[in-house]
Structure formats: C-alpha cells, structure tokens
Amino acid sequence: MSLEDIISQTIHQNSKPIGFDVFMNLALYSPKNGYYRSNASVIGHQGDFITAPEISDLFGYSLARQCKQILNKNSCILEFGAGNGVLATQILFELARLNALPKKYYILELSAKLKKQQYETISKVLPELVDNVEWLSELPKNFSGIVIANEVLDAMPAKRLMFSDGSFYELGVDYIEGQFQWCLFDEPYSGLIKIPTVNFIEGYKTEINLLALSWIESLYGTMTDGIVLLIDYGMDRTEYFHPQRSEGTLRCYYKHKASDDPFENIGKQDITTSVNFSDVADRACEAGFEVLGYSNQAMFLLSLGIEDYLSQEKDEENRIQLAQQIKQLILPSAMGESFKVLALSKKHTVKLDGFREQDLRGKL
C-alpha cells in the first residue's frame with residue numbers, strides 16, 4: 001500500500017479531516033514508507049538537506065569543547081536523531097583528543113537503516129571507540145550527563161492553525177477527489193497558545209508543536225541531572241508570531257529545493273516547522289529545568305573558539321577550506337542567525353562557555 005493510500009484511508013476511517021500533526025507524522029514516520037523510515041538517503045549532498053555537521057567537522061569539535069566543560073568521569077552523552085552518525089563521530093574524536101571521553105555515548109535511534117549507517121560511520125573513522133557507543137530505542141532511566149538534539153525538534157509533527165473571524169482554528173487535512181486539501185476545523189482551537197498581542201490579519205497561519213513540549217517534559221523525568229543542548233532553526237515568541245510571518249514556518253525540502261506544499265512528494269520530502277524557543281523554554285521551566293543560555297549558532301560557536309581551529313591549521317589550502325566552512329556556520333545569511341542554541345539544566349549551575357559572547361535569555 002502506498003503512503004498516499006495509508007494517509008487517505010486514515011482520513012476515511014476518521015470520517016473527518018485529520019490534524020496536520022497526524023498527516024506530518026504519517027508522511028515522515030510511517031513504517032517503511034515514511035520519509036525517515038524509507039531506504040533513501042535524506043541527509044547530505046545526495047539527499048534533500050544538509051545539516052551543520054555535514055558542512056564542517058568544526059561544528060562537532062566546537063560542541064565537544066562545550067561537552068568537555070561539563071563532563072566528569074561518570075557522565076554520559078545521549079544524542080537524539082543522530083542522522084548518519086557524523087556529529088557523534090566528530091564529538092567523540094575531539095573528546096578523545098582532549099582526553100575527556102564520556103563514560104558512554106548513547107544514540108537514541110528508531111530507524112534500523114539509520115542505526116546501521118551510524119554504526120558504519122563511527123566504526124570507519126573511530127574503530128577503537130565504537131564500543132563506547134550504545135544504541136537505544138527509548139529514553140533511558142536515571143540518565144546523568146549531556147543530552148544533544150541537533151535539528152530534532154523541527155522534525156516533530158506540529159499542528160497548523162489559521163486565524164479567522166477573530167479566533168485561531170486548526171487547519172486539518174482532507175482527501176477529496178483523489179487530492180489532499182487543507183480544511184479548517186469547525187470549532188476555534190481550544191488548546192492553550194501563548195501569543196503576543198498582535199493584530200493578526202484574516203488567514204494568518206502559524207504552527208504549534210505540542211509533541212516537542214511533551215518531549216521536554218519526558219526528558220526531565222528521565223534525567224537525574226545534566227545539561228540539555230537543543231540546536232535548531234527557530235526564534236523567540238515575538239518573532240515567531242510576527243505579523244509579517246503570515247504563512248507560518250512550514251517548509252518542505254526535496255533535493256535541496258524548498259517549498260511550502262506538504263502534499264507533493266509525500267514520503268519523499270522532508271517536512272519541518274521552525275521551533276518556538278519561548279514555548280520550549282517555558283515548558284522546560286514548568287517541568288523543573290533551568291534555562292542556562294540562549295544564543296544564535298554563530299555566537300555559540302565563536303564563544304567556544306571555532307576560529308582557533310583556523311589559526312592552528314598550517315596548510316594554506318586547508319585553512320582556506322576551513323574558513324569557507326566557518327562562514328557557512330556563522331554568517332547571518334547562512335546558518336549563523338537562523339539557528340539557535342538553547343541550554344537547559346537539571347541540578348547543574350555551571351556558567352556555560354558557549355554563551356560567553358551572547359546570551360539572549362531575556363528575549364525568550
């Protein structure tokens with residue numbers, strides 16, 4: 001059965017339109033056919049999008065420096081959504097060089113295909129450290145150490161809302177005459193949404209990610225102590241609900257081309273929404289976390305001394321290459337401004353090195 005058939009049958013069985021979060025979940029995570037469950041390569045130059053670790057090893061090396069500041073001999077690292085294993089390899093390589101390896105490096109991965117890819121990536125580059133890595137299929141109990149989630153929250157299924165007649169209504173998905181179509185639910189959305197006082201125009205669209213907020217709560221419950229580093233593209237609440245952001249933040253990526261149509265290339269394209277970091281920080285604090293820092297990716301990496309790697313490189317050709325990679329990671333026109341880093345703490349009061357140059361917690 002095709003993915004389109006699976007989704008259309010779900011709508012038919014429901015006897016009414018489904019929420020966009022249900023559609024997004026099926027499109028991305030349906031067994032075998034979902035975008036992240038198929039055998040296609042989704043990350044890298046051959047896939048549909050590139051993440052920071054694919055741009056440069058220096059991303060992972062810098063992150064390793066932040067880990068070193070926090071790790072002790074009993075701490076572990078837990079990475080969510082480790083993709084093809086490149087970031088894990090970078091972090092482990094640099095921590096080994098700094099003589100600061102964690103007790104264990106856990107990867108929580110549900111995809112058998114990605115798990116295999118991660119194992120191959122790590123064992124090829126660091127065969128001596130692959131035994132330090134353990135794969136999990138669910139949150140561990142009593143975790144102590146550092147949790148890393150790079151581009152994880154944006155891939156969690158989100159609800160879509162539209163402003164109409166003075167209220168927000170949920171935008172659902174229907175299947176009519178062989179086509180998926182947007183459909184407005186009858187009743188105003190009754191869930192709690194923290195929205196700044198804005199005069200929204202008729203038809204203004206936005207997203208809320210309840211799953212990401214529940215995930216934060218679950219994370220707190222599974223940790224005894226440690227630090228959580230969330231790295232993703234997104235913004236604070238005021239910017240998220242800016243009047244000019246009238247079409248919301250929904251984006252689809254297919255072969256490195258962006259669109260806003262989730263009904264094309266179903267199961268073959270990535271579907272994402274930007275992270276509302278204010279919502280995440282609020283829910284984290286309600287759960288019991290303390291927010292230790294919030295910054296854009298550029299300032300976070302500069303605070304951790306990413307430019308040091310450039311000055312240490314003696315080969316001129318390599319130095320030029322590294323300089324280009326750093327630009328992609330830190331320039332506002334590239335990833336530097338659109339990506340943010342949010343640090344959460346449970347029973348840790350350390351002043352994190354990554355927020356020395358910039359800490360925007362006041363904007364949350």
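In the predicted model, Tyr 175 has Phe 180 of strand β8 as its bridge partner. The two strands concerned, β7 (residues 167-176) and β8 (residues 179-188), run antiparallel and are joined by 7 bridges. They form a hairpin with 2 residues between the strands, and in this hairpin Glu 177 adopts a positive phi near 50°.

Antiparallel pairing also characterises an open sheet of 3 strands, arranged in the order β12-β11-β13. The edge positions are held by β12 (257-259) and β13 (270-272); each has a single partner strand, so one side of each lacks a neighbour in the sheet. On average, and with direction ignored, neighbouring strands of this sheet are turned by 25° against each other. Strand β11 (residues 251-254) pairs with β12 in the antiparallel sense over 3 bridges. Within β12, Ala 258 is the bridge partner of Tyr 253.

Helix α5 (residues 86-97) packs against helix α6 (residues 112-125) at an angle of about 30°, and the two axes lie 9 Å apart. At this angle α5 is roughly parallel to α6, because angles under 35 degrees count as roughly parallel. The crossing in which α5 passes α6 is right-handed. Val 86, Ala 88 and Thr 89 of α5 make the contact with Thr 121, Ile 122 and Val 125 of α6. By class, the residues of this contact comprise 4 nonpolar and 2 polar, with no charged.

Thr 121, which is found in helix α6, was examined individually. When neighbours within four places in sequence are left aside, Thr 121 is in contact with Asn 84, Gly 85, Val 86 and Thr 89. Of these, Val 86 and Thr 89 are among the α5 residues that make the contact with α6.

From α4, the contact involves Asp 57, Phe 59, Gly 60, Tyr 61, Leu 63, Ala 64, Cys 67 and Lys 68; from α5, Leu 87, Gln 90, Ile 91, Phe 93, Glu 94 and Leu 95 take part. These residues divide into 9 nonpolar, 2 polar and 3 charged.

A further helix pair is formed by α7 (residues 210-222) and α9 (residues 277-287), whose axes come within 9 Å and cross at roughly 35°. Helix α7 passes α9 in a right-handed crossing. On the α7 side, the contact is made by Leu 213, Ser 214, Ile 216, Glu 217 and Tyr 220, and on the α9 side by Asp 279, Val 280, Arg 283, Ala 284 and Ala 287. The contact of α7 with α9 contains 6 nonpolar, 1 polar and 3 charged residues.

Side chains of opposite charge can pair when their charged atoms come close. Over the whole structure, 18 salt bridges were found. One of them joins the side chains of Asp 21 and Lys 159, with an N to O distance of 3.2 Å. This pair links distant parts of the chain, with Asp 21 in helix α2 (residues 20-29) and Lys 159 in strand β6 (residues 159-164), 138 residues apart.

Definitions and conventions:
Residues are numbered from 1 along each chain as its sequence is written. This is a predicted model: local features need pLDDT of at least 70, side-chain atom pairs count only at pLDDT 80 or more; totals for chains, interfaces and linings use all residues. Side-chain values use heavy atoms; hydrogens and water are left out. Axes are lines fitted to C-alpha atoms, for helices over the stretch in contact, and angles run from 0 to 180 degrees between N-to-C directions. Helices (H or I, at least four residues) and strands (E, at least two) are DSSP runs, numbered from the N terminus. Angles under 35 degrees count as roughly parallel, over 145 as roughly antiparallel, 65 to 115 as roughly perpendicular and the rest as oblique. A crossing is left-handed if the near helix is turned anticlockwise from the far one by less than a right angle, and right-handed if clockwise. Contact means heavy atoms within 4.5 Å. Ala, Val, Leu, Ile, Met, Phe, Trp, Tyr, Cys and Pro count as nonpolar, Asp, Glu, Lys and Arg as charged, and the others, Gly among them, as polar. Two strands pair if DSSP finds at least two bridges between them. A salt bridge is a side-chain nitrogen of Lys or Arg within 4 Å of a carboxyl oxygen of Asp or Glu.
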